[in-house]
Amino acid sequence: MSQLLTAALPPGVTRSQVNTPRGCFAALESDPSPAGKRGDVLLLPGLTGSKEDFAPLLPFLSQHGYRAVAVDGRGQYETAGSSDPAAYTPSELAADLLALTRALRSDSVHLVGHSYGGFVARQAVVQTSADPEVVQPWSSLTLLNSGPATPARSQSQRIQLLIEALPTMPKDVIWEFMTQKSATGAVDLMRDRWLRTCTQQLISAGRWMLNPPSALADLEQCDLPKLVLAGSPDEAWPVAEFEEMAARLEAPCVIIRHGGHSPSVHEPASTADALARFWNHSE
């Protein structure tokens, strides 16, 4: 489960919405001073997560000169969803991401996908690169604690149990099994997020993570600066898999010590520093 340490938003982070032709997406945003702006960042959360996972990170990105926008994807927390599985296919979610990027009205948008959000982000990059009628809208892609394929066996088993339980067991009952005492500072927010996230979104996202499309092979061919960034230790993917993926993508690999699966929460300053170094080098 995505972890939050507090429900309070950091200074300078505001709630907003991103309106697109494909719907309205709930967002958190942090802006730099106009004189120092270097670009925009669009951040996508993982399975069971939300935009709040990036809240500690956003002010640090703004300090580096970037307008940072974290969103709830379709069906996640405060963004409306659907009970139709067809709403959550890889191509549909990639189209959402393209619409969100265009709605930012920026010449430079860096894309960051956390865990499952990285699967969505790389699908969008591959799908867009394959369309000769679409100009590549992103300046870079960062896969944040988002491994090359199916997560480790223990994590995959948890996801499978979740997929099997959701259609038949009340979500508040599932929550009692999932709650971790270490998250008491934000437990009410996390419970509300869990209950408000669409069941079908969780099921579809879980199935995608257990059977990811072979986007990594296609991603190798995409001419776009890429970064593999991960907190350690991570129960979902071992560090060696992140390093191997980075080598395959000819991308730098940065490991954030003590960042765990959510370095945006546990080590936001170090995470922002690594991102800014990569973006500044890519310009």
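## P90 in helix 2

P90 is found in helix 2. This is a predicted model. With a relative accessibility of 27%, P90 counts as partly exposed, because that value falls between the limits of 20% for buried and 50% for exposed.

Apart from neighbours within four places in sequence, P90 is in contact with Q123, Q127 and W208. Its C-alpha lies 9.8 Å from that of A121, a residue 31 places away in sequence.

## Helix 5 and its two sides

Helix 5 covers residues 171-178. Its buried residues are K171, I174, W175 and M178. They span an arc of only 105 degrees around the axis, so they sit on the same side of helix 5. The cover over these buried residues includes helix 4, helix 6 (187-196) and helix 7 (199-210).

On the other side of helix 5, E176 and F177 are exposed. F177 also takes part in a nonpolar surface patch of about 290 Å², together with M169 and V173. M169 belongs to the loop between helix 4 (153-165) and helix 5. The relative accessible area of M169 is 32%, which makes this residue partly exposed.

T79 is located in the loop that runs between strand 4 (66-71) and helix 2 (90-103). Is T79 buried or exposed? T79 counts as buried, at 4% relative accessibility.

A polar atom of the T79 side chain lies 2.9 Å from the backbone nitrogen of A26. When neighbours within four places in sequence are left aside, the contacts of T79 are C24, F25, A26, D72, G73 and R74.

## Backbone features in loops

One is T48, with a phi of about 65 degrees. T48 lies in the loop between strand 3 (39-44) and helix 1 (58-63), and it is buried, with a relative accessible area of 14%.

R105 has a positive phi of about 50 degrees, and is likewise not a glycine. R105 is placed in the loop between helix 2 and strand 5 (109-114). Whereas T48 is buried, R105 counts as exposed, at 78% relative accessibility.

A cis peptide bond is found between S232 and P233, with omega at about 0 degrees. P233 lies in the loop between strand 7 (226-232) and helix 9 (239-249).

Definitions and conventions. Residues are numbered from 1 along each chain as its sequence is written. This is a predicted model: local features need pLDDT of at least 70, side-chain atom pairs count only at pLDDT 80 or more; totals for chains, interfaces and linings use all residues. Side-chain values use heavy atoms; hydrogens and water are left out. Patches are made of residues with over 30% relative accessible area and no salt bridge: like charges are joined within 9 Å, nonpolar side chains (Val, Leu, Ile, Met, Phe, Trp, Tyr) within 5 Å. Accessible areas come from the Shrake-Rupley method with a 1.4 Å probe; for residues, only the protein chains shown count as cover. A salt bridge is a side-chain nitrogen of Lys or Arg within 4 Å of a carboxyl oxygen of Asp or Glu. Helices (H or I, at least four residues) and strands (E, at least two) are DSSP runs, numbered from the N terminus. Buried means under 20% relative accessible area, exposed over 50%, partly exposed in between (1.4 Å probe, protein chains only). A polar contact is a pair of N or O atoms within 3.5 Å; within protein, one must be able to donate a hydrogen and the other to accept it, and residues adjacent in sequence count only if both atoms are side-chain atoms. Contact means heavy atoms within 4.5 Å. The arc is that of the directions from the helix axis to the C-beta atoms.
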